[in-house]
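Student: Hi! Could you walk me through the charged pairs in this one?
Tutor: Happy to, let's look at it together.

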Amino acid sequence: MSEMVSSGENTYGLDVESGAEMARLLDQDIMITKAMGGLFAERSDLDDVSSILDVACGPGGWVQEVAFAYPDIEVTGIDISYTMIEYARAQAQVQHLDNAKFMIMDAAKPLEFPDNSFDIVNARFMVGVLTQNKWPAVIKEFMRVARPGGIIRLTETDWPSTGITNSPALDRWTSLATQGAYRGGVGFIANPQGWHFGITPMLTRLLQEAGCLHIDKRAHVMDFSAGTEAFEENFKNLKTVLMLSKPFFLKAGILSEQEFQDFYQQVIIEMMSGDFRGIYYFLTAWGVKP
Ligand SMILES: C[S@@+](CC[C@H](N)C(=O)[O-])C[C@H]1O[C@@H](n2cnc3c(N)ncnc32)[C@H](O)[C@@H]1O
């Protein structure tokens, strides 16, 4: 298998080889897994599970947590980024996580695994990674590599970490990001003026169309209003996302340099105000391969 994957068709708006993005994803993983109530909040145990695939695993935080918590389960993470996978491998080695494995792979292409390889195929926050037309084939690939009786588990959000807030600047960011995504064919955005990616209502249908049975779902919520524990975490996250999105906004002609600087300052001012309120929702949907 080639160790470098061409990201020529990659739609992810942020630089996947950026060290700042990698650090952001490490923090975000901890923040989001906490908001989800743990690694597998919808299950009481993993007794019947011996192998898990995590798609678009980033720097591998989730894979390492699962590998640590369940030493008898083989956990494999795949990501298109060389930087993320190298870091994930180094971390797993330092922590002696022999049951964690990482491979560079493009999730939008046929996966380099035989049929029936995994008990669980997990993927979180792929909405920015795939254009709308790629989703059905990607979920079919997940089905192919899952074992009969295995589970496909998807977690997605409709907002770029912004959620619903009382900040006009964050609201504007959500619509700018949605408009940019619409132009790039990303997500399931209903109209060019939309204010969400439209992915969460599609998850159960995508699973159904791929042939999954026993489909179910669970919503998660993270309150990052002023004064909450999640505020500091998501404030840092949002500042980094916004800075890393700058080339995208400028290149797409959505904002000029000066407009971007003013906008960034406004986000900071509004989030730092003592009455800032923010709620971030996301959804996990899962189904069983017959
Ligand atoms: C939003 S992050 C999600 C990280 C992780 N799943 C999590 O929930 O913490 C998106 C990840 O997708 C990766 N990515 C982007 N395009 C990809 C592709 N075509 N195939 C696989 N990974 C991709 C990026 O390198 C990045 O690590």
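Here we talk through some of the salt bridges.

Tutor: A quick note before we start: this is a predicted model, where local features need pLDDT of at least 70, side-chain atom pairs count only at pLDDT 80 or more, and totals for chains, interfaces and linings use all residues. Residues are numbered from 1 along each chain as its sequence is written, and side-chain values use heavy atoms, with hydrogens and water left out.

Student: How many salt bridges does the structure hold?
Tutor: There are 14, a salt bridge being a side-chain nitrogen of Lys or Arg within 4 Å of a carboxyl oxygen of Asp or Glu.

Student: Which residue does E229 form a salt bridge with?
Tutor: Its partner is K34, with the closest N and O atoms 3.0 Å apart. E229 lies in helix 7 (residues 229-251) and K34 in helix 1 (residues 19-35), so the pair ties together parts 195 residues apart in sequence. Helices here are DSSP runs (H or I, at least four residues), and strands are runs of E, at least two, both numbered from the N terminus.

Student: Which residues are linked in a network with K34?
Tutor: E229 and E233 are. K34 and E233 have their closest N and O atoms 2.9 Å apart.

Student: New topic: is D119 buried or exposed?
Tutor: D119 is buried, at 13% relative accessible area. Buried means under 20%, exposed over 50%, and partly exposed in between (1.4 Å probe, protein chains only). D119 forms a salt bridge with R147, their closest N and O atoms being 3.0 Å apart.
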